[in-house]
Amino acid sequence: MSRAADRTPSPRADVCVVGAGPAGALAAHRLAGEGYDVVVLEAGERFDDEDRERRMERAIRPGHDPLSVWEMGGPRDEYASAGEWFYPLNRTRVKGVGGTTLHWQGMVMRLHESDFEPWPIDYADLRPYYAEAESALGVAGAADNPYAPPREEPFPMPGFEPSYSDSIFAEACERLGVTMHSVPSARNSEGYDDRSACVGYGTCQPVCPSGAKYSADHHVAKAESEGARVLDRAPVQRLAHHEDGERVTAAVYATPDGETYRQEAREFVLAAGGVEIPRLLLLSNSDQYPDGLANSSGAVGRYFMEHLFAGAGGTLDRATRQNHVGFMTSECHQFYDDPTQGTAGTAGGIPAWSRDEPTPDGIKLEFLNYAGPSPVETALSGDEWGDDLLETLREGYGNAIAMGGLVGQRPRKDNRIELDPSTTDDHGNPVPEIHWRVDARTEAGLRRANEIQRAVLDELGVDVAWTVGPEETGPAYHHMGTTRMGTDPDESVVNPRLRTHDLRNLSVASSSVFVTSGAMNPTLTIAALALKAADHVDERL
Amino acid sequence: MELSRRDALAALAASGAAVGAGAVLGTDADLVEAPSARDHVDDSDSLTEGRLATLLAVADVVYPSEVSGVEEFVRTYAVGRTADRPEYREGMADALATLDEYARTWHDADFRTLDAETRASVLEEMTVDGADPDPAGSDPERVRYYAVNDLLYALYSSPTGGELVGIENPQGHPGGTDSYRRGPEAARGRDE
């Protein structure tokens with residue numbers, strides 16, 4: 001039997017990590033590298049790299065459920081969306097070795113210093129871990145962003161050059177006093193860490209066939225080379241604790257042959273994302289902890305946050321050269337720390353925010369390189385062929401242009417992950433039930449983002465065809481806040497060392513510990529926190 | 001615009017076929033059969049010459065008139081692509097057989113022997129043009145998925161197919177990270 005197929009527990013594990021996404025993979029790699037006996041339990045499967053082009057084909061060609069690209073859905077992944085807003089949970093995540101980085105966009109910005117004000121740690125605490133995370137993931141970036149927090153060294157790789165359409169945007173942005181700059185990208189601009197440079201398949205989300213976009217299966221492999229065991233298709237059912245109530249003793253997990261095992265360990269690290277981590281803690285209730293493990297604060301599952309998308313686009317009377325690559329090369333973080341400010345350029349500017357609404361929180365603006373139709377996708381979903389189809393494709397492609405952006409949410413206790421006892425998964429466990437809505441402040445932020453986007457597009461002379469604002473917005477697939485970090489055990493789930501207040505050998509490495517959402521894509525911060533959590537586990541061992 | 005062997009190889013790369021296998025780089029005779037099936041060719045192990053001819057006849061309908069070199073492109077692509085995908089090959093062969101059955105019912109002849117106008121009419125009468133592609137669906141849905149869309153995917157994810165529309169690095173093609181930076185003049189200059 002191969003080691004990968006042996007799903008029996010390790011007899012003397014030092015550390016049990018739950019989840020083989022970026023947080024679990026990085027923590028496991030670091031701890032295995034320190035010589036500890038590490039076991040990683042992953043609910044999903046181990047995907048074969050050789051299948052990636054076929055997964056890409058499945059993503060491009062109609063006739064396949066988008067969830068089938070990474071085998072999501074079905075009884076294993078049942079959930080309920082019970083809030084005011086529908087939450088499409090399974091579209092937002094991937095279960096498997098590599099986790100959600102298998103389908104992510106690969107945007108890796110550091111949070112700003114101001115983001116940490118409500119947190120019990122500050123930017124300086126995380127700064128060295130950010131640098132280590134950038135090195136681990138392989139980040140291509142440039143030093144041209146005047147709004148980025150201070151950094152000590154260049155990015156590991158040179159940034160991707162701006163796109164042709166960035167140069168179109170630059171004309172309007174200069175006239176309006178809007179600053180454009182590069183985007184840090186977990187995507188190889190040159191060979192890095194035995195992975196090739198990007199070759200431009202243009203399908204980063206949901207599949208990078210070349211492996212140039214970072215995915216956490218690389219650190220799973222590195223962890224295994226350091227001696228860690230990684231068990232796929234081994235979903236953890238619950239955590240068992242010692243009768244003293246102070247220590248987790250075992251992760252109880254199921255295997256495909258119908259067996260259930262107990263993986264004992266000295267330390268446990270939860271790295272299963274912002275939905276499954278609170279779900280697992282709630283499923284692990286006991287006589288001593290009837291409301292779930294590590295939940296004496298009542299905050300487990302609470303304060304769920306997302307980023308919301310704002311965008312606008314249309315067509316221009318010139319070629320815009322879209323859809324060559326699947327990633328962005330320019331953003332604007334000028335409205336991140338002060339979204340209300342006006343700007344002054346060479347010919348006008350963005351007016352300051354003046355609406356009688358809650359003051360918007362920070363906004364991240366994006367200049368898209370994949371606006372409008374991708375010809376191959378249009379060709380496969382139309383009702384024409386031959387010369388007629390070619391004419392339609394030529395008419396549809398070439399002039400599209402668009403901006404996007406993210407707006408965060410403030411933590412609200414009623415946005416939450418609960419258990420839905422009326423629905424169970426393939427092992428009979430209640431499924432996660434998501435209660436989620438967007439408040440007036442976030443809606444104001446979306447309106448402000450639209451204002452700026454509209455001003456830039458108008459300045460360019462774009463015939464605006466669509467706007468995504470408060471009415472049309474949707475989540476950016478970033479799960480945050482559900483086991484929040486804090487110093488007060490009555491208000492938070494983990495301490496600044498990422499250890500749960502209640503159990504002294506249980507840590508959380510995830511965006512679930514975020515206190516606030518910011519408006520930056522969260523994965524670099526997840527990676528930095530995972531490395532920090534691993535260091536604290538190391539200290540205790 | 002001429003479809004080249006490079007286009008076929010690019011389309012193969014986009015579909016995850018084992019580019020470099022004998023089927024792709026060998027002689028024309030090799031192209032008819034999957035390399036793994038050369039010693040025992042039958043309907044289950046390869047696309048037969050008849051099925052390939054039907055696929056080529058579909059290409060005549062669904063490819064725009066300004067592309068040339070279709071036969072070699074389709075042969076290289078279709079054979080290379082299905083060489084190590086027996087289930088896909090079977091689905092494609094079944095869909096092409098279905099198309100021939102409809103042609104025989106309506107016109108007493110296999111699809112590949114019909115004239116161009118009649119081929120187009122068979123696909124339209126089958127409602128393949130309006131069908132949602134589905135590998136496990138109804139007859140028109142399978143023909144749409146395995147014949148029409150397979151061919152369109154190959155063409156429009158290849159450099160030549162992309163250039164027909166104005167994008168030299170279409171989605172699905174690993175065309176590098178230069179083209180997104182080129183303006184339209186530079187892109188045109190490159191073509192000339």
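How much accessible surface does chain B have, and what share belongs to carbon and sulfur atoms? The accessible surface of chain B is about 7500 Å² (Shrake-Rupley method, 1.4 Å probe), and 45% of that surface belongs to carbon and sulfur atoms. This is a predicted model: local features need pLDDT of at least 70, side-chain atom pairs count only at pLDDT 80 or more, and totals for chains, interfaces and linings use all residues. Residues are numbered from 1 along each chain as its sequence is written, chains are lettered from A and ligands numbered from 1 in the order in which they are written, and side-chain values use heavy atoms, with hydrogens and water left out.

**Chain B**
- Chain B has 10 helices and 0 strands (DSSP runs: helices are H or I, at least four residues; strands are E, at least two).
- Of its 192 residues, 57% are buried (under 20% relative accessible area, 1.4 Å probe, protein chains only).
- Take the contacts (heavy atoms within 4.5 Å) in chain B between residues at least 6 apart in sequence: 55% join residues at least 24 apart.

**A:Thr101**
- A:Thr101 lies in the loop between E3 and H3 of chain A.
- A:Thr101 counts as buried because its relative accessible area is 2%.
- Beyond neighbours within four places in sequence, A:Thr101 has contacts that include A:Pro22, A:Tyr214 and A:Thr523.
- A:Gly138 is 37 residues from A:Thr101 along the chain, and their C-alpha atoms are 13 Å apart.

**A:Glu113**
- A:Glu113 sits in the loop between strand E3 (80–81) and helix H3 (123–137) of chain A.
- A:Glu113 is partly exposed, because its relative accessibility is 46% (the class between 20% and 50%).
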